[in-house]
Every structure is written in C-alpha cells, then in structure tokens.
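Hi there,

Here is the structure I promised to pass on. My notes follow below it.

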Amino acid sequence: MENDATTFRFSLAAIPRPQRREVVREVAGRAIANLDLIPKTDDPQMEVETRFLPGVTITDAWVSPHLASSYDLSRGDDDFTLLWSTSPAKGGVLQLGNELPADGSAALLSCADRMDFETYEAFPHVSVKLQRSVLCPLLPNAEAALMQRIPPDNQAMRLLKSYLGGYRALHDADPAARLAHRVAIHIADLVALAVGTDRDATELASGRGLRAARLDAIKRWTLAHLVSSELGIGAAAAAAGLSARSVQLLFEADGVTFTAFVLRERLALAYRRLSMPHLAKRTIAEIAYGCGFGDLSYFTNSFRKAYGETPSGVRHRAMIG
C-alpha cells in the first residue's frame, strides 16, 4: 500500500498468498472500500489506484472475480459515483432494483444506498466519485438519474475518458499541479453532460468541461501526429469531428493558435532530440525533418527565436556536458 496527499495505491502483489483472502475482506473491503468483499478464487488479485481532487475522487481498479455488497451504510455519505468497466466482463452491479452490466456502459450510483456487485472474471473498472456539493448544482435531479445506463459511445463519456487519460499523465508528471480545482470542475461538467442535465446546466458545462475536454483530446491527437508532414488544422478538425474554425476558436480561447501550438511542440521535440548524446550521429537537418519541419531555414530561425541559441549550439552543449 502506497499513498501521498493526492494518490493512494493498493496491491495484493506483495501479500503472501495464504493471507490474501483475509486482506481483501478486512483491509481492501471493509476498512478501505466499506464493502463486504468476498473473493471467488483462492488466489485473489487486486490493483487499485485512487487520485484525489477537490470534491472528486478518481479510482482505477482491477479486481479478480468476487462478490461484494455495502458493508456499513452508517459509514457512507450522500455523494454519487459514476462507474463503468473499461473492458467487457461477466457480471455487474445492482442498486435500487436496477442492474448495470460490466459491458462498458456507465451509470450514476448513490453512495447512500446499498450496492451489490458480482463478477465472474477479472473486472477492470473506473469510478468517479463526486461530492453532492460538486455535482448537484450541475445535475439538480441527480437521484432521478440513478442507475440509468449511459452507453459507451455517449459523446460526453468518450470525452470524459479521454480527459481522464490526459489528467492521469499530468498528475503522474506533477502530482502537485495547481490545476486540480479546474480539472475537478471539468470532470463534474462532463459527468453531468453524460448523465443528462437541464438546459441551463448544459450550457454551463458545455462552456467549461466540454470545451476543455475537446481541446485536451485535440492536443493529444496532435501530439501523437506531431512528426507527420500531413499534420494541419484540417486533419485535426476531421479527427475531432469539428470544423477547422471550431478548432481554431478552442485554441484561441486557450491563448494560442493551432499553428503556434504545433510549432512550439515540434521545437520542444527537436530540442530534446538535439540534447540526446545517442542521437549525435544524426544531422541537424535529419532531426528537423524528423520532427515535422519541412524547411531547414524556417526551423533554424524559429529555434533561435524560441530558445535564444542555435540548434548546433544546443547540440554542442549537450556533447560537452
């Protein structure tokens, strides 16, 4: 078990096999998750990673086949959890007389009411717990939405999953990032949009979380295609299912144009490669072209403006350092 102020990790990997069933029931189940958790195998497996944001808790978990039910409702709260499986599995969760199958669908669960889980194979899943004070301003009728199935192809769900992927990478690189409050708001916006909210809240959430998630997804797609000579705002817009003008407006609202973003990231990639001694045999031109630049003079001038030194200067300093 490992934790800090923003992250909690739990694994059975280091627990001796004869002790795992007891640890699952007493530690992982009753003490941590407030569940009466009963493994279905003699060698239970469990990997859990939880990240804490203001009013929002994100948990990624992988659990071997098990039975589970709420352990002590007096220890609970009146918050909400959006739950979904990350890959299909036999089993699901039952609450308020409705079942959510582990087929990739999501549903909003009540933390104040009994939950029952049963899985017949490994169950990888994500849960996003939101405090009532965070979600209800966006989803006033949250109780009416409990256990309503949200299909995997729901647009807001797709953006939420993508946004969480970007947040995990950012969090792991800088756990103390000051963006935590903003990220929590965006996640709550996307959850409300996925569940379905009223018109006023939809407009608010779309202007914040939806826009942020779309921009994040486009940036991640752009970075994945950074070295391609075909990269352009038209290709990025097509990948996102938006118009080129909409993409440009997203970037401009973030204080940068799409072209400037691409240039900045390509220059940063070139700087990193020029600083790597094991790439010393590559010419500067090879590195420039390999980072997506089509004109060596443009690359050199842009590099000097960005870093105040030439590409050859950066390489020389890296070789003697």
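Which strands each supply at least two residues of the lining of the largest cavity? They are strand 7 (80–85), strand 8 (91–95) and strand 9 (98–101), where strands (E, at least two residues) and helices (H or I, at least four) are DSSP runs numbered from the N terminus.

Before the details: this is a predicted model, with local features needing pLDDT of at least 70 and side-chain atom pairs pLDDT 80 or more, while totals for chains, interfaces and linings use all residues. Residues are numbered from 1 along each chain as its sequence is written, and side-chain values use heavy atoms, leaving out hydrogens and water.

The structure holds 1 cavity of 30 Å³ or more. A cavity here is a set of points, on a 1 Å grid over the protein atoms alone, where a 1.4 Å probe fits but cannot get out; lining residues have an atom within 4 Å of a point. The volume, about 40 Å³ for the largest cavity, is the space filled by probe spheres set on the points, which are joined across faces, edges and corners.

Strand 7 gives the largest share of that lining, 3 residues. The lining includes Leu83, Trp84, Val93 and Phe123, and its residues divide into 7 nonpolar (Ala, Val, Leu, Ile, Met, Phe, Trp, Tyr, Cys and Pro), 3 polar (the others, Gly among them) and no charged (Asp, Glu, Lys and Arg).

Elsewhere, Tyr289 sits in helix 9 (residues 284–290). Tyr289 is partly exposed, at 45% relative accessible area (buried is under 20%, exposed over 50%, partly exposed in between; 1.4 Å probe, protein chains only).

Best wishes

How values were computed: 1 Å grid on protein atoms, 1.4 Å probe; cavity = no way out; pocket = protein on both sides within 12 Å on 5 of 7 lines; lining within 4 Å.
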